[in-house]
Amino acid sequence: MTEVLLRGRLLTFHDEPMGGEASADAFTYIEDGGLLLRDGMIAAMDEFSALRAGEGRNLEVIDHRPHLIMPGFIDTHIHFPQMQVVGSYAGALLEWLNKYTFVEEQKFSNQGHPERIASAFFDELIRHGTTTAAAYCSVHKASVQAFFAESHRRNTRMVAGKVMMDRNAPPGLLDTAQSGYDDSAALIAEWHGKGRQHYAITPRFAPTSTPEQLEMSGALASEHPDLHIQTHLCENTAEIAFVAELFPWSRDYTHVYEHYGLLGPKTLLGHCIHLTDAEIRAIAESRSVAVFCPTSNLFIGSGLFDLARLRASEPSVRNAIATDIGGGTSYSMLRTLDEGYKILNIQGQRYHPLRSFYQATLGNARALSLEDLIGSLKVGAEADCIVLDAGATPAMRLRMETVETLVEELFLLQTMGDDRSIVEVYVAGRPAKSTL
Ligand code: GUN
Ligand code: ZN
């Protein structure tokens, strides 16, 4: 049995805080808290003194005071083969894909490359406090093997899949409808449910799949109804026009995915910026998730995610937030929350700091339908948690002198924080950042 008692200021969410008074019962905050991690799970969460008295004095205690302890961050959309694409100078999505991204992703057929990048990728996630991600691998089976092998070795809970793409990209990056299906099926059999690994059916986006491939993707989805599905939707206006050309029978872009049976409660739709009312209805009714990728949307110049519009529909659209590395520019969910705040603010949508931290933890866990396992510090959840320092840099320390409340501290973390604010990361109860 491995057991450790963390001491610090504990913060965890039970529900979405809608701001102000409404927030009080949406979270638990314990000023001098104890978090008992036992065999990779959270065994108890209480006042430190109560736990210390109740659980005995022989426990190893790690004292993280005065820092905040929260559930690990969850990134719901990230491209593992794009580590060397970040910061590529391009006009817009299609140019960015063709000029840089498709070139870089071809390197994943090179011997040793997927393993090297996988190791760097997991180091980077951990350094930034991200303990779970929904990741796109490349079209190559070896990239998925390297990803899951690395994740399994580190015992992280991850969602990932082989990108399927059989047209409109360089030959070195194409599979076929049949090989995409066969490779995905083999990877599902090997990795889905192994340790903490989840397989996601991953047709890249409508422009790079033939109708046959989307049909095969739908077949995989109906054969494995518990699997996640991840793809991109309505990120850019030229992309939308291209989809209309490629699928002339479709009512709109969303209809293409709907037609092939790819919408549903486990479906993650990256971007969702330029949607019609009919598309919002289809996404909402299918319980699919719209994934907001703020740093990417600003960097590639795709547009402003209109959260209020998605939430106002009846039923409302489920949503999540993500980095979208390498279109995105930071691995940090703190930087991502900050840029997300700015995108919403410029549209007159104030977003409370408590909601931001809810979103990066329990909110994203719910979007992945994994809230029973991750995203909170509740007893019985997996012990993935992070230790945050709002005074990690000289400028932050100075600013902290004027901070009086938890909400102000969270907002400072989000506004000025990055990997330097992540003091420690626990993955399934074991320290993972200090041991990198
Ligand atoms: N659409 C299709 N592929 C991609 C990708 O790799 N990144 C982004 N941002 N959009 C995409
Ligand atoms: Zn993406």
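Predicted model: local features only at pLDDT ≥ 70, side-chain atom pairs only at ≥ 80, totals over all residues.
View 1. I325 and G326 are joined by a cis peptide bond, with omega about 0 degrees. D324 has its place in the loop between β13 and α12 too. Its backbone stands out: D324 has a positive phi of about 55 degrees, although it is not a glycine. D324 counts as buried because it has 30 C-beta neighbours inside 10 Å, and the cut-off for buried is 20 or more.

**View 2. The shell around ligand 1.** D324 and G327 are among the residues around ligand 1. By class, the shell has 3 nonpolar, 5 polar and 3 charged residues.

**View 3. H271 in strand β11.** H271 has its place in strand β11 (residues 267–271). Its phi is positive, about 90 degrees, although H271 is not a glycine. Is H271 buried or exposed? H271 is buried, since 29 other C-beta atoms lie within 10 Å.

View 4. Seen here is an open sheet of 7 strands with mixed pairing. Its order is β3-β2-β1-β4-β14-β15-β16. Strands β3 (41–47) and β16 (430–431) stand at the edges. Each has a single partner strand, so one side of each is left without a neighbour in the sheet. Strands of a sheet pair through backbone hydrogen bonds, either parallel or antiparallel.

View 5. Strand β1 (residues 3–13) pairs with strand β4 (residues 61–71) in the parallel sense, over 5 bridges. One contact to pick out is L10, whose bridge partner in β4 is I69. P66 also lies in strand β4. A cis peptide bond joins R65 and P66, and omega there is about 5 degrees.

View 6. Helix α6 (residues 211–223) has 13 residues. At 1.5 Å a residue they should span 18 Å, which agrees with the 18 Å between the end C-alpha atoms. Which residues of α6 are buried? They are Q213, L214, M216, S217, L220 and A221. These cover an arc of only 160 degrees around the axis, which puts them on the same side of α6. S222 and E223, on the other side of α6, are exposed. An α-helix has 3.6 residues a turn, so residues three or four places apart point the same way.

**View 7. R167 and S209.** R167 is found in the loop between β8 (163–164) and α5 (177–191). In sequence, R167 and S209 are 42 residues apart. In space, the distance between R167 and S209 is 5.7 Å, C-alpha to C-alpha. R167 is partly exposed, because 14 other C-beta atoms lie within 10 Å, and that class falls between 12 or fewer for exposed and 20 or more for buried.

View 8. The unreviewed UniProt entry carries the annotation "domain: Amidohydrolase-related" for residues 69–430. Over residues 69–430 the chain is 43% helix and 17% strand. The end C-alpha atoms of residues 69–430 are 14 Å apart.

Terms used. Residues numbered from 1 in each chain as written. Chains lettered and ligands numbered in written order. UniProt positions renumbered as here; feature names shortened; annotations may be inferred. Helix = DSSP H or I, 4+ residues; strand = E, 2+ residues; numbered from the N terminus. Near = placed C-beta within 6 Å. Nonpolar A, V, L, I, M, F, W, Y, C, P; charged D, E, K, R; others polar. Pairing = 2+ DSSP bridges. Expected span 1.5 Å × (residues − 1). Arc of directions from axis to C-beta.
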